[in-house]
Amino acid sequence: MNHLTNEQKVIKVKCENDLLFFTRYIYKENHRRNFIVAPHFVLIAEFLTKVFNGEIKRGIINIPPRYGKTELAVKCFISWALAKNSASKFIHLSYSDDLALDNSSQTKEYIESECFQSLWGMKLKKDAQGKKKWFNEDGGGVYATASGGAITGFGAGVAESKIFSGAIIIDDPLKPDDANSDAKRSAVNERYNSTIRSRVNDRETPIIVIMQRLHEEDLSGFLLNGGSGEKWEHLCLPALDENNNPLWVEKHDFNELEQIRQANRYNFAGQYMQIPSPAEGGEWRKDWFKIVDKSEVPLETLKWELFIDGAYTKDTKNDPSGFQIGAKWNNDYVILSSIDKYLEMPEMIKFIPNHINTSGVKVSMSLVEPKASGKSIVQIIRQQTNVNISEIKTTFVNSSKIENARACSHFIEGGRVILIKGAWNEAFLHQIAIFPNGKHDEHIDLTCYGIERNLIDSNFFFF
């Protein structure tokens, strides 16, 4: 490296001591325009600096799309870390090979740029300069691939290093179009546990996930809910704060964000607000449901029925069983209660008659969805109790959840589904709000059956 001028020495020190200063310097020198430091960039830089200093070992950053996360948290952070420790080894993952390789290539261009070389003089190995992997003469560098791709022969970080020596950086591990696919979400989550987390050369090597929220069970949700058994530091950056102040007003002011929200509440809630459901609900909105006191409903005169969505297991990773008591009231469907419980079969058989007897109303019929444990429930209940129970066989049983929900939407939006005020309301409305992005949906299924039987009443029959 050539002898540095006093000005270059000052710039070098400032760059090494301040990630944002380095980012502004390297970006302007390479792109011939300023890197505008919005407030959220300060928060991201502080978070990543803690990663470099060893204060954060597992970190998640949730931020809206195209808000500069990849520029700062991937390209500039990797370049900065290599400037400070040229032996640092990184693994960079994204949902597609093309995206990961493009980020890797642009990071390498920063390293090879005249402004970087003039201060740090880092030479890359001639035989290791591809987009997928490239290394310098000190062994530091980047291995980039898709989050579902093979990671062989390379690990992030340096074993027993006393200083920061690299990281695994996962940027957008899930394609937005794949967010509603249980199989594709699960594949990414399982791959983290089975492969990605093991590709560190030292237990102190950090892992960073940067993404917009797409689903309650996307990789962020999976990890934050304990899916890996690790403790994660979380930086959540919604496009609007609690007072509706924009995160990056130069990018989107309030009116622009409101237009995005009106166009697609689901996308806005997850991708922009980092809550994978609109607060007011998506397919069904919370405020479509009228809540009344029990005293307003003639409980004794109505024909109450219990709808059951059975799943006999105590494993909280699986769906709980759902139980909804409802009836037709005038031209509306009124719900006395809608609850969920994790029960094994013996407990389920005891619970159903007890739930009916303690409901406070006369339940004339119990109707069971014939999926999962439904058929067994009907058979055993008939054998062991006096409960009048039948298996549902309807149009909705063989239709998708989304189709059923949309077929019922106009009844709910029209105020024809009424909830009797109770402790169960909050959990019910929460699940309504996050459907179809939520982990569970038994209340949606049960409400659809209740509407089909009492308000649509065309193909609903049982045996």
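The legends below describe an overview and several close-up views of one predicted model.

**About the model.** Residues are numbered from 1 along each chain as its sequence is written, and side-chain values use heavy atoms, with hydrogens and water left out. Because this is a predicted model, local features need pLDDT of at least 70 and side-chain atom pairs count only at pLDDT 80 or more, while totals for chains, interfaces and linings use all residues.

**View 1. The whole chain.** The chain holds 15 helices and 16 strands, where helices (H or I, at least four residues) and strands (E, at least two) are DSSP runs numbered from the N terminus. Its C-alpha trace spans about 95 × 45 × 30 Å along the principal axes. Of the 463 residues in the chain, 55% are buried; buried means under 20% relative accessible area, exposed means over 50%, and partly exposed lies in between, with a 1.4 Å probe and protein chains only. Among contacts (heavy atoms within 4.5 Å) between residues at least 6 apart in sequence, 72% join residues at least 24 apart.

**View 2. Lys 28 in helix 2.** Lys 28 is found in helix 2, which covers residues 19-31. Lys 28 counts as partly exposed because its relative accessibility is 44%. Leaving aside residues up to four places away in sequence, Lys 28 touches Arg 33 and Asn 34. Glu 403 is 375 residues from Lys 28 along the chain, and the C-alpha atoms of these two residues are separated by 51 Å.

**View 3. The two sides of strand 1.** Strand 1 (residues 58-62) has 5 of its 5 residues buried, so this strand is largely enclosed by the rest of the structure. Arg 58, Ile 60 and Asn 62 point one way from strand 1, whereas Gly 59 and Ile 61 point the other way, and all are buried. In a regular strand the side chains alternate between the two faces of the sheet.

**View 4. The strands paired with strand 1.** Two strands pair if DSSP finds at least two bridges between them. Strand 1 pairs with strand 7 (residues 207-211) in the parallel sense over 5 bridges, and within this pairing Asn 62 stands opposite Met 211 of strand 7. Strand 1 also runs parallel to strand 8 (residues 233-236), to which 4 bridges join it, and here the bridge partner of Gly 59 is Glu 233 in strand 8.
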